[in-house]
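Please walk through this structure with me. Look at the chain and its ligands before reading on.

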Amino acid sequence: MMIVYREENELIKKVLKDLNLPDRVYIFDTTLRDGEQTPGVSLTIDEKVEIAKKLDELGVDVIEAGFPVSSVGEKEAIKKIVKENLNAEICGLARAVKKDIDVAIECEVDRIHTFIATSPLHRKYKLKMNKEEIINKAVEAIEYIKEHGIKVEFSAEDATRTELDYLKEVYKKAIEAGADIINVPDTVGVMIPRAMYYLISELSKDIKNISVHCHNDFGLAVANSLAGVEGGAIQIHCTINGLGERGGNAALEEVVMGLMSLYGIKTNIKTELLYEISQLVAKYTEIKPQPNKAIVGDNAFAHESGIHAHGVLAHALTYEPIPPEVVGQKRRMILGKHTGTHAIEAKLKELGITDLSEEQFNEIVKRIKALGDKGKRVTDKDVEAIVSDVVGKVPRDERVVELNYIGVFTGDKIIPTASVALKVNDDIIKTSAIGVGPVDAAVKAIQKALGEKIKIKEYHIDAITGGTDALAEVVVTLEGFGKEVTTKSVREDIVRASVEAVIDGINKILSKK
Ligand code: KIV
Ligand code: ZN
């Protein structure tokens, strides 16, 4: 269920009440063009087509499929996307030059996004053209596209660093030449929301169809895009996962959720597909969103601290602004050092683990927090291993043998040696032994302490998760006194896991029960 803060939050209601906000904003996705300009990203034709189909399913209004003149492959990809007959309008980028426009026309796109830079910096150093020459070029390009019966979107590149009066004149001439929509790029992301609001309010005095295109160099792309809408923009350019040159473009998922959930403005986006498409784009671009990325990051709906987890379990909205399902995400309870008992209880329930004694539950909490204290993120597999370890152990009051102390010495010039002290009933037995490695030495020392009456028949070790700090699971089969038992133990330390598994097995053999 979409929560709309414009209706629920007093402050938002108050500041938005005098604004003339649109009912609906159009989403122009440029993942396949500006997004693909992300350093190191290059999509194959098939990947571009697959992403375009997913963007269409998501409900974007316009797909900027690429920059047709840039390569033969790019042109082919755009043509293939056009052939898919998607619901979204397919757009191709072209500089305000005939050669670029011709290639875009050959691709049979629905819309051509043509641009020319207008700022003093670009005029002087890049284009070496004066103001008038730039206007003439823009007008020529727009008229040429319109002669071919194609919709035109016109951008004054680096608009936000262009003199306002001149920018107004450029856009006025562009509209007179037939531009259907005017795009305002903040090419190097230097706007602040108030300035963006002012700029778009000024432009919208004379222009109806305004779009904004914000870069994220100062982390303000989404805020500036939304400020643009407050000022009168009706379309936002954005990319999945905020991909794009340098700091990227405005992230589509943040723009859309901001519009719909904070401003209560409609879009055509099926928000429950946002996470899925984010994952698809991350897979093909090989750029995974950072964990704390809003909406689609791994941590966007994850809770670890005891206070938050408790709150969320009592009522999800205490620490979540929207339900995760709205964007296709899932709530995740992360277990670690900040975890409280409520979250552990919920995790155990989620894993189908019930019927624990208080002693077992307390031991599980202790072990999970101890892992977290060592800086480890405790996975579900870790929890399952800890639980089965704790649950499988002989209860404390039935144990005949307990480990009192273990020490091992090992190294390339040392024969692995272990010393153990075992508490057997009320006696302490101390021994030491050597072995081929520390585990072998430790197990031999235990066997020696107990008169070698119990033998190890099988020994097996496995890592539960990856990394050198992974939990290790040791499974041993022991025989003695006419019995055979199999036990296991889980620890990060393989010597400790081995010793505990063996001692637990000994207790099972010696148990009066
Ligand atoms: O950021 C920019 O200025 C652009 C233009 C091509 C519109 O991407
Ligand atoms: Zn851009």
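How do the residues of the lining of the largest pocket divide into nonpolar, polar and charged? They divide into twelve nonpolar, three polar and 16 charged. Here Ala, Val, Leu, Ile, Met, Phe, Trp, Tyr, Cys and Pro count as nonpolar, Asp, Glu, Lys and Arg as charged, and the others, Gly among them, as polar.

A word on the ground rules. This is a predicted model, where local features need pLDDT of at least 70, side-chain atom pairs count only at pLDDT 80 or more, and totals for chains, interfaces and linings use all residues. Residues are numbered from 1 along each chain as its sequence is written, chains are lettered from A and ligands numbered from 1 in the order in which they are written, and side-chain values use heavy atoms, with hydrogens and water left out.

Stay with the pocket. About 800 Å³ of space lies in it. A pocket is an open set of points on a 1 Å grid over the protein atoms alone, where a 1.4 Å probe fits, with protein on both sides within 12 Å along at least five of seven lines; lining residues have an atom within 4 Å of a point. The volume is the space filled by probe spheres set on the points, which are joined across faces, edges and corners. The lining of the largest pocket has 31 residues, and E363, R367, R396, R491 and E500 lie nearest its centre. Helix α15 (358-373) is one of the elements that supply at least two lining residues. It gives the most, with seven. Helices (H or I, at least four residues) and strands (E, at least two) are DSSP runs, numbered from the N terminus.

Now the zinc ion (ligand 2). Its protein donors are D34 (OD), H213 (NE2) and H215 (NE2), 2.0 to 2.1 Å away. Donors are N, O and S atoms within 2.8 Å of the metal (3.2 Å for Na, K and Ca); water is not among the atoms, so sites may look incomplete. In sequence the donor residues read D-x178-H-x1-H. D34 sits in the loop between β1 (26-29) and α3 (45-58), while H215 sits in the loop between β7 (210-214) and α10 (221-231), 181 residues apart. Both D34 and H215 are buried. Buried means under 20% relative accessible area, exposed over 50%, and partly exposed in between (1.4 Å probe, protein chains only).

Next, the rings. The whole structure holds one aromatic pair. The ring centres of F154 and Y171 are 6.1 Å apart and their planes stand at 80°, so the pair is edge-to-face. Rings of Phe, Tyr and Trp (its six-membered ring) pair if their centres lie within 6.5 Å; planes under 30 degrees apart count as stacked, over 60 as edge-to-face and the rest as tilted. F154 belongs to strand β5 (residues 151-157) and Y171 to helix α8 (residues 164-177), 17 residues apart. F154 and Y171 are both buried.

Most residues other than glycine have a negative phi. N85 has a positive phi of about 50°. N85 lies in the loop between α4 (72-83) and β3 (89-95), and it is exposed because its relative accessibility is 67%. K128 also has a positive phi, near 50°. K128 lies in the loop between α6 (120-127) and α7 (131-147).

Finish inside a helix. D100 is in helix α5 (residues 98-106). At 0% relative accessibility, D100 counts as buried.
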